[in-house]
Amino acid sequence: MTPTWPTSWRYTLGAVVAWILFLACVLGVTAGRAQGWPMAALAALALVPALTVALQFRAAYRLIAEQDEFVRALTLKRMTVAAAAAITLATAWSGLELIGLPHLPAWLIYPLFWGLFGLVTPLIRDTRA
Amino acid sequence: MKSRLKVLRAERGWTQEQLSQTVGVSRYAINALETERHDPSLDLAFRIAGAFGLAVEAVFPNPHAKPGDTAP
């Protein structure tokens, strides 16, 4: 059996709150810009998603550090593969934008990373190379 | 790394959960060791061997040992 991750309710609850804040701020900036909100308010709101990302990764780091060596190694392996895939896909898309594909906002890399993490999780079940 | 963990645990009638609590890791870690999906750190190997009251190589045989090799 392969462990699922995370197994902490505290982390899960924090992640859900962070995700709601992340998406709300992204939508809020879009709506605020359309309604002509002051630039200072928009700039402050626009930086909140980055703050939620930083806080969630900090929480993830702490949670991983608390696990035993197997779960820790397995999770880090999955995160490495997900990060590599997300960066590769983002770079590929960025390259294709140069030849005319529509522009995608960079904040999508964050949900892409976690989506890929979910995809690779059932595929990576051992800590060996 | 091959291990005799499953055999030794069965001989003592311990569950994976019991062994995991004794050595301070998750049951997933014990399962991964038994199914050879994880190579233990030196620290964990010693803790597991200690739980059985055996030498490390009695639980995790040296994969590089040549026939006739014996522990000092």
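**Close-up views: aromatic pairs and pockets**

**View 1. A:Trp19 and A:Phe22 in helix α1.** A:Trp19 and A:Phe22 sit 3 residues apart in helix α1 of chain A, so about one helical turn separates them. Helices are DSSP runs of H or I with at least four residues, numbered from the N terminus. This is a predicted model, in which local features need pLDDT of at least 70, side-chain atom pairs count only at pLDDT 80 or more, and totals for chains, interfaces and linings use all residues. Residues are numbered from 1 along each chain as its sequence is written, chains are lettered from A and ligands numbered from 1 in the order in which they are written, and side-chain values use heavy atoms, with hydrogens and water left out. A:Trp19 is partly exposed, at 22% relative accessible area. A:Phe22 is buried, at 2%. (Buried is under 20% relative accessible area, exposed over 50%, partly exposed in between, with a 1.4 Å probe and protein chains only.)

**View 2. A:Phe57 and A:Trp114, a stacked pair.** The ring centres of A:Phe57 and A:Trp114 lie 5.7 Å apart with planes at 25°, so the pair is stacked. (Rings of Phe, Tyr and Trp, the last by its six-membered ring, pair if their centres lie within 6.5 Å; planes under 30 degrees apart are stacked, over 60 edge-to-face, the rest tilted.) The pair links distant parts of the chain: A:Phe57 is in helix α2 of chain A and A:Trp114 in helix α4 of chain A, 57 residues apart. A:Phe57 is partly exposed at 31% relative accessibility. A:Trp114 is buried at 14%.

**View 3. The aromatic cluster.** One aromatic cluster is formed by A:Trp19, A:Phe22, A:Phe57, A:Trp107, A:Tyr110, A:Phe113, A:Trp114 and A:Phe117. Over all chains, the structure holds 10 aromatic pairs. A:Trp19 and A:Phe22 make an edge-to-face pair, 5.5 Å centre to centre with 75° between the planes.

**View 4. The largest pocket.** The largest pocket holds about 440 Å³ of space. (A pocket is an open set of points on a 1 Å grid over the protein atoms alone, where a 1.4 Å probe fits, with protein on both sides within 12 Å along at least five of seven lines; lining residues have an atom within 4 Å of a point.) Of its 17 lining residues, A:Arg10, A:Tyr11, A:Leu55, A:Arg58 and A:Ala59 are closest to the centre. Helix α2(A) gives the largest share of this lining, 9 residues.

**View 5. The second largest pocket.** About 250 Å³ of space lies in the second largest pocket. Its lining includes A:Trp93, A:Glu97 and A:Leu112. Helix α3(A) contributes the largest share, 5 residues.

Technical notes:
Grid points are joined across faces, edges and corners, and a volume is the space filled by probe spheres set on the points. Helices (H or I, at least four residues) and strands (E, at least two) are DSSP runs, numbered from the N terminus.
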